[in-house]
Amino acid sequence: MRYSEMHLPTGREIPSDAEVVSNQLMIRAGMIRKLTSGIYSYLPLGYRVIRKVEQIIREEMNRAGAQEVHMPMVQPAELWQESGRWTHYGKELLRFRDRNDREYCLGPTHEEVITDLVRHDIKTYRQLPCNLYQIQTKFRDEVRPRFGVMRCREFGMKDAYSFDADEAGAEKSYEKMFDAYNRIFRRCGLNFRPVEADSGSIGGSFSHEFMVMAESGEDSVVFCEKCDYAANMEKAEIPAPQEGATEQKEALPMQSVETPGVRTIEEVSTFMEVGPEQIVKTLIFNADGKPVAVLIRGDHEVNEIKVKNYLGATQLELADDDMIFAATGAPRGFAGAVGIKVRVIADYCVMNLANLVTGANRDGYHLKNVNIGRDFNVASWADLRVAQQGDPCPRCRGRVRVARGIEVGHVFKLGTKYSQAMKAAYLDKDGKEKIMIMGCYGIGVGRTVAACIEQHHDRDGIIWPMTLAPYTVIVTPVNINEADVMKASEDIYAGLLAAGAEVILDDRDERAGVKFKDADLIGIPLRIVVGARNLAQGKVELKIRKTGESRLIAADDIVARAVEIISSETQETG
């Protein structure tokens, strides 16, 4: 492609509303343009990268035995009502009515549609297993779109759905997709980790997120330094303390202490002259309309996902002032477990504590030297808190670390959540009707591109891995007005095209410095610079974007050398 014929509007200024590097560079490199909040157009350069990611996905999905389909983005409300998600999905589901007053939504995902499709076509065990996928536009009405294409409202996604006759088959399908995802993200040149995750609104019994490690990531990843355990922050487990892990203390007499205006952990810690680890927070939650008290150490944070899953609640939120007063007899900020009128569950971190400080269920008072068993009882113990750096690993008891990551893929074991609700059944070998076992597997295509930029950039611009680069080589004549320089550049350009390379000829009448800055900004892996001085010696300069290394190569050999590098780096990530 000749640069002079390309629509490639690069820019030098950092956009004022672009919060992260990937968004800044995608705009500056002429890859995307914002239409409205959370909705973007992909320009030619950006769309070439999108298509590169899609091609890698297609190759690996096909290799794993999945078949490509294409389903409608507009979905009827009846299917979502049948699955039970129409009322539970939330405001991210964009609902609308057609001219006949029928209700629809823009698909944020396609579990209902694919289940409806399969239940009409698959009738017996002989047609299973089946894995169907698509690469298609989704819409989720995000409350706060941000970070460019990493969290937008309209986005491209690969979603696959497996259907199996039994749990053993579903496990095999899950493993195939798990392995395929590892291959996809390796081929994209990403440093990533598969981590255990909560299934969220999709549902199901088990899932993994694929997290690209980056400081700008929205999510926290917890991983062990000694074994291969890794999980996102919502899912990260903390094991129960081992017996005898904490030295037993003599139980002191409980005291009521007046604490006027003292509500926060910091205020209580200062006033009572104790560390926050000796304070126990009593949080009142509304779980499906019923109050429940959750106890957690003062220096820890409760994990609401864990609480919700432990209780088996459909809806969970912090209780309002009326529910708190009904449960404790006191206003917010003074709740405690002693004398409380609701079920009490506690995090493992409270288990071995003695002589605690808690709220007194009385306005302006706290209790000192509170002890479990003597002063109150706990109905059940569980892992209910947010993991922290240095916590014990739930697998090997080593220590975990916390890092930032960007979610680019998610695989779910759905079980029968949708197939049961929507009666997706088949006849087994004995002619008995059974429900299909499902799996669901998604990749954010645009997020993958943005995550790649977050990992691969420097102060000059993007540094594309060879497999995702929109073009692999750019030929840059220093001065297009010098006939020898342009002839050599045209010959190299033609040679690279003939060899199958994706190449740009920068034939603009611009200063060399401008051309070099644009080449670095858009991140082309190899730059061939043709200048009169080197050409007089029969050589051209080869600049490698990733390392900054420059080499002088014989002009007659440059095409073969460039093709060799492209092939070698592509195979490394294949």
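**Figure 1. The whole chain, before we zoom in.** Residues are numbered from 1 along each chain as its sequence is written. In this predicted model local features need pLDDT of at least 70, side-chain atom pairs count only at pLDDT 80 or more, and totals for chains, interfaces and linings use all residues, while side-chain values use heavy atoms, with hydrogens and water left out. The chain holds 14 helices and 31 strands (DSSP runs numbered from the N terminus: H or I of at least four residues for helices, E of at least two for strands). Its C-alpha trace spans about 95 × 65 × 50 Å along the principal axes. Of its 574 residues, 53% count as buried (under 20% relative accessible area with a 1.4 Å probe, protein chains only; exposed is over 50%, and partly exposed is in between).

**Figure 2. Helix α1 meets helix α10.** Here you're looking at α1 (residues 21–28) and α10 (residues 445–455), whose axes come within 8 Å and cross at roughly 105°. The axes are lines fitted to C-alpha atoms over the stretch in contact, and angles run from 0 to 180 degrees between N-to-C directions. That makes the two helices roughly perpendicular to each other (65 to 115 degrees). On the α1 side, Val21, Ser22, Leu25 and Met26 make the contact, and on the α10 side it's Val449, Ala450, Ile453 and Glu454 (contact means heavy atoms within 4.5 Å). Sorted by class, that gives six nonpolar, one polar and one charged (nonpolar: Ala, Val, Leu, Ile, Met, Phe, Trp, Tyr, Cys and Pro; charged: Asp, Glu, Lys and Arg; polar: the others, Gly among them).

**Figure 3. Helix α11 crosses helix α14.** The axes of α11 (residues 483–498) and α14 (residues 558–572) come within 9 Å and cross at roughly 40°. Ile492, Gly495 and Leu496 of α11 meet Ile558, Val559, Ala562 and Val563 of α14. Six of these contact residues are nonpolar, one is polar and none is charged.

**Figure 4. Glutamate 502 and its neighbours.** Glutamate 502 sits in the loop between α11 and β28 (503–505). With a relative accessible area of 26%, glutamate 502 is partly exposed. Leaving aside residues up to four places away in sequence, glutamate 502 touches Arg48, Lys52, Ala469, Pro470, Tyr471, Thr472 and Val473. Isoleucine 566 is 64 residues from glutamate 502 in sequence, and their C-alpha atoms are 10.0 Å apart in space.

Note on methods: Angles under 35 degrees count as roughly parallel, over 145 as roughly antiparallel, 65 to 115 as roughly perpendicular and the rest as oblique.
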